[in-house]
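Subject: Two-chain model for you to look through

Dear colleague,

I am passing on the structure we spoke about, with the sequence alongside it.

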Amino acid sequence: MPMPADEIERMIKAALPDAEVYITDLAGDGDHYRAQVISEAFRGLSRVRQHQLVYAALGGQVGGALHALALETAPPETA
Amino acid sequence: MSDTELSNAIDRIKQDIAGNDVVLYMKGTPNFPQCGFSGQVAKILSYLEVPYKGVNVLEDPDIREGVKQYANWPTIPQLYVKGEFVGGCDIVREMFQSGELIDQFKASGVPVKDPRQG
């Protein structure tokens, strides 16, 4: 079952309320997305830990309902 | 899959990543990847001439599930260097583009071709 982009955004923001989330539907099929997520929660964490936070926010959907989610994560840039 | 099968699979994963400097859990084999994401990582490793052990999770459902649990990571491919989980396709690609991947191989004493040098 494909997952709508706004549902992905909602789940990420539920877990990371300060997050800026940009989602691109790569194939137009509701099944291959790129998500760019910016959140203060990522600061100081390894990339693996940053992605694990997003996967946890998506509650086990990645690898299942969400077949392909290309993920880019970063803390907000400091001025 | 029973708890015993899972814990046996995790034991085998621990042995593999302890006994090999670089291990890639992937769909398909280094020469014949069966998934675009696995193929991208295999291509990066072969471009850098890094020796590695490829484990085809499609041939072993216990390992396929075990490696997801072991790393708390929901997808394949997964790259391990010196027993440590480095990342999946997105992270490995980002690290390759930034040069961090080559630095990590060098710091771990893994032979790597550095395309930044002539």
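Let me start with one residue of chain B: B:V41 touches B:L24, B:M26, B:P77, B:L79, B:C89 and B:V92, not counting residues up to four places away in sequence, where contact means that the C-beta atoms of two residues, placed from the backbone, lie within 7 Å.

Before going further, please keep in mind that this is a predicted model, in which local features need pLDDT of at least 70 and side-chain atom pairs count only at pLDDT 80 or more, while totals for chains, interfaces and linings use all residues. Residues are numbered from 1 along each chain as its sequence is written, and chains are lettered from A and ligands numbered from 1 in the order in which they are written.

Chain B

The secondary structure of chain B comes to five helices and four strands, helices being DSSP runs of H or I with at least four residues and strands runs of E with at least two, both numbered from the N terminus. Along the sequence these elements follow the pattern α-β-α-β-α-β-β-α-α. The C-alpha atoms of chain B fill a box of roughly 50 × 25 × 20 Å along the principal axes. A compact globule of 118 residues would have a radius of gyration near 13 Å, and the 14 Å of chain B agrees with this; the radius is taken over C-alpha atoms, and the globule rule is 2.2 Å times the number of residues to the power 0.38. Of the contacts in chain B with a separation of 6 or more, 63% are between residues 24 or more positions apart.

Buried residues make up 35% of the 118 residues in chain B; a residue is called buried if 20 or more other C-beta atoms lie within 10 Å of its own, exposed if 12 or fewer do, and partly exposed in between, with C-beta atoms placed from the backbone. The largest nonpolar core has 31 residues, and B:V41 is among those with the most contacts inside it, together with B:V23, B:L24, B:Y25 and B:M26. Such a core is a set of buried Ala, Val, Leu, Ile, Met, Phe, Trp, Tyr and Cys residues joined through C-beta atoms within 7 Å. The elements of chain B that give two or more residues to this core include β1 (22-26), α2 (36-47) and β3 (78-81), and the largest share, five residues, comes from β1(B).

Chain A

A second, separate core of 17 residues includes A:A35, A:A57, A:V62 and A:L66. In soluble globular proteins, nonpolar side chains tend to be buried together.

Chain A has two helices and three strands, running α-β-β-α-β from the N terminus on. Its radius of gyration is 12 Å, close to the 12 Å that the globule rule gives for 79 residues, so chain A is as compact as a globular protein of that length. Buried residues make up 28% of the 79 residues in chain A.

Strand β2 (residues 32-38) of chain A has a covered face, formed by A:Y33, A:A35 and A:V37, and an uncovered one, formed by A:H32, A:R34, A:Q36 and A:I38. On the covered face, A:A35 is buried, with 21 other C-beta atoms within 10 Å, and, leaving aside its neighbours within four places in sequence, A:A35 is in contact with A:I8, A:V21, A:I23, A:L69 and A:L71.

Strand β1 (residues 20-25) of chain A pairs with β2(A) in the antiparallel sense over six bridges, pairing being assigned if DSSP finds at least two bridges between two strands. Within this pair, A:Y22 has A:Q36 as its bridge partner in β2(A), and in the hairpin, which has six residues between the strands, A:G28 takes a positive phi near 70°. β2(A) and β3(A) run parallel and are joined by seven bridges, with A:I38 standing opposite A:A74 in β3(A). β2(A), α2(A) and β3(A) make a right-handed β-α-β unit, right-handed meaning that, with the strands pointing away from the viewer, the path from the first strand over the helix to the second runs clockwise.

Where the chains meet

The contact between the chains takes ten residues from chain A and seven residues from chain B. On the side of chain A that touches chain B, α2 (47-57) and β3 (68-74) are the elements that give two or more residues, and α2(A) gives the most, with five residues.

With best regards
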